[in-house]
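Here is a short walk through one model. Keep the sequence and the 3D view at hand.

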Amino acid sequence: DLTNCQSHCGNPPSSQCCIELPSTMANTTLLYLKISEGKNLAIKDLSGSSDPFCVVRVDNEDVARTPTVWRNLNPFWGEEYALRLPGSFHNVSVYVYDEDALSQNDPIGKVSLEKNRLLADPRGDEKWYKLSPIRKENRDRKSG
């Protein structure tokens with residue numbers, strides 16, 4: 001049953017992505033991650049919109065990708081993932097990109113969650129996370 005972040009977290013001010021971290025991570029190397037939606041994402045296309053999708057990375061490895069939501073600054077993905085994390089992992093990040101058919105995908109932003117933050121609340125979490133800029137070394141990676 002997919003929940004609407006807006007009903008739980010309220011309206012985000014700008015460029016944010018709602019991510020739910022359910023409680024099933026406690027005492028395990030299995031992370032259940034739900035990428036619900038984005039709100040007020042940056043315009044990256046000349047048409048005045050963006051074609052956003054997300055890439056999930058554990059440390060530096062791409063492990064999942066949402067579908068692209070075409071021409072939308074407030075996309076709903078509703079994607080759920082069960083990620084097997086190695087005991088040595090340091091962080092889980094969600095990168096948001098604008099898909100471009102004729103050129104390199106444009107970075108919109110990212111949410112990075114450190115291991116200690118994920119383990120700090122064994123009950124899980126669901127809230128809006130502000131997107132941070134994607135640094136140059138992450139822009140050059142293949143993003144979908």
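Which residue lies over the face of phenylalanine 53? In this predicted model, that residue is arginine 65, at 3.7 Å from the ring centre.

Phenylalanine 53 belongs to strand E3. Strand E3 covers residues 52-58, and strand E4 covers residues 61-65. The two run antiparallel and are joined by four bridges. Across the pairing, valine 56 stands opposite alanine 64 in E4. Two residues lie between the strands of this hairpin. There, aspartate 59 takes a positive phi near 55°.

Now turn to the rings. A pair of aromatic rings is described by the distance of the centres and the angle of the planes. The structure holds two such pairs. One joins phenylalanine 53 to tyrosine 97, with 5.7 Å centre to centre and 25° between the planes. This pair is stacked. It also links distant parts of the chain: tyrosine 97 sits in strand E6 (residues 91-98), 44 residues apart from phenylalanine 53.

The other pair is tyrosine 95 with tyrosine 97. Their ring centres are 6.3 Å apart and their planes meet at 15°, so this pair is stacked.

Tyrosine 95 is buried, with a relative accessible area of 4%. Tyrosine 97 is buried too, with a value of 0%.

Return to the charges. Arginine 65 lies over phenylalanine 53. The charged end of arginine 57 sits over the ring of tyrosine 95, 4.1 Å from its centre.

Key:
Residues numbered from 1 in each chain as written. Predicted model: local features only at pLDDT ≥ 70, side-chain atom pairs only at ≥ 80, totals over all residues. Heavy atoms only, no water. Pairing = 2+ DSSP bridges. Phe/Tyr/Trp six-rings, centres within 6.5 Å; stacked < 30°, edge-to-face > 60°. Buried < 20%, exposed > 50% of the residue type's maximum accessible area, 1.4 Å probe, protein only. Lys NZ or Arg CZ within 6 Å of the ring centre and 35° of its normal.
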